[in-house]
Amino acid sequence: MTVTKIGVVGCAGRMGRMNVSAILENDAATLAGGTEHPESEWIGRDMGTLVSGAPVGLAVGGDPAPLFVASDVVVDFTSAVVADLHIKHALESKTPLLLGTTGLSVAQQAAVEEAAKEVAILQAANMSLGVNLLMILVEQAARVLNPDYDIEVVEMHHRHKVDAPSGTALALGQAAADGRTVALEEVAQKVREGITGARPRGEIGFATLRGGDVPGEHTVIFAGEGERIELTHKAGKRELFSQGAIKAALWLAGKPAGLYSMRDVLGI
Ligand code: NAD
């Protein structure tokens, strides 16, 4: 059996630790190493201490360059602030990159699409089968229900999340916009406050809740006259995302240049 060497940038983060753990538990994968922010207290410590305390013989690094060279694929759940850096290293090393980080700017998104012409990049705002299925259902519902049905995307995440609306909420909004063949940026309403006036027909609204330790909940509402359809996904545990991430990383290793999604991995 081929064993795929997977590198983890941001390995001491909430998702990073889960990913390290999922790699160590998967016979088809081996840990190539991991990096953290150069000022992190984890630099130099054995990666095993991130998850269980048992040493694995790999120290947390501060330089992504050697990690990208040593890996068949690198998994990135860090911060939009460092997305450019990791895209640059993927391009230089031609190492496929699994990009789970959300909150990318329009310019960063364009850079991802440009880089994917030269290296394989799988970008997914959500790694779960359920959410990717939900996106298909939302697209279908939006196609069937005309703009008399107001679309609202409601999401809730833990108190530590730094971007809003969530990447998954935006992807669900995009799925709804695709179903209606409209451009999301022209119909999206991400914040409401004060005297907003009546709701414009065709708008896709977003509402963001933050609190506690919620791993991620999303509901897409289609509110019509006299009836309302609600499509909901609730993630019960963060492992859902790391198991999906490692499955996707194994799929991505060795793939030619291109921009892939979880739908490619899941075949849906
Ligand atoms: P987190 O803050 O717990 O972890 C981020 C880690 O990245 C931290 O440990 C931080 O020190 C590290 N980091 C920062 N700068 C770095 C650098 N220069 N080099 C290496 N590491 C660096 O956040 P989290 O909850 O793990 O989420 C991380 C990202 O993943 C967010 O964008 C979040 O929205 C996204 N996310 C995606 C999914 C999905 O399924 N696609 C699921 C959960 C979270």
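**Reading burial, pockets and packing**

Author: At 8% relative accessibility, Gly100 counts as buried, because the cut-off for that class is under 20% relative accessible area. Please bear in mind that this is a predicted model.

Reader: Where does Gly100 lie along the chain, and which residues does Gly100 touch, leaving out those up to four places away in sequence?

Author: Gly100 belongs to the loop between strand 4 (97–99) and helix 5. Leaving out residues up to four places away in sequence, Gly100 touches Asp76, Phe77, Ala124 and Met127.

Reader: Let us take a residue in a strand. Is Thr35 buried or exposed?

Author: Thr35, which lies in strand 2 (residues 29–35), has a relative accessible area of 4% and is therefore buried. Not counting residues up to four places away in sequence, Thr35 touches Val8, Val9, Gly10, Cys11, Val60, Gly61, Asp63, Pro64 and Leu67. A separation of 5.2 Å is found between the C-alpha atoms of Thr35 and Gly62, which are 27 residues apart along the chain.

Reader: Which element supplies the largest share of the lining of the largest pocket?

Author: Helix 7 does, with six residues. The elements that each supply at least two residues of this lining are helix 5 (106–115), helix 6 (129–144), helix 7 (167–179), helix 8 (184–187), strand 11 (258–260) and helix 10 (262–266). By class, the lining has 16 nonpolar, 12 polar and six charged residues.

Reader: What is the lining of the second largest pocket by class?

Author: Here there are nine nonpolar, 17 polar and five charged residues. The second largest pocket contains about 700 Å³ of space. Of the 31 residues that line this pocket, Met15, Thr78, Thr102, Lys161 and Arg238 lie nearest its centre. Helix 1 (14–24) and helix 7 each supply at least two residues of the lining.

Reader: At what angle do helix 6 and helix 7 pack?

Author: A helix pair is read by angle, axis distance and contact. The angle between helix 6 and helix 7 is about 35°, and their axes are 7 Å apart. The contact is made by Val131, Leu134, Met135, Val138, Glu139, Ala142 and Arg143 of helix 6, with Thr168, Ala171, Leu172, Ala175, Ala176, Asp178 and Gly179 of helix 7. By class, this contact has nine nonpolar, two polar and three charged residues.

Note on methods: Residues numbered from 1 in each chain as written. Predicted model: local features only at pLDDT ≥ 70, side-chain atom pairs only at ≥ 80, totals over all residues. Heavy atoms only, no water. Nonpolar A, V, L, I, M, F, W, Y, C, P; charged D, E, K, R; others polar. 1 Å grid on protein atoms, 1.4 Å probe; cavity = no way out; pocket = protein on both sides within 12 Å on 5 of 7 lines; lining within 4 Å. Points joined across faces, edges and corners; volume = space filled by probe spheres on them. Axes fitted to C-alpha atoms, helices over the stretch in contact; angles between N-to-C directions. Contact = heavy atoms within 4.5 Å. Buried < 20%, exposed > 50% of the residue type's maximum accessible area, 1.4 Å probe, protein only.
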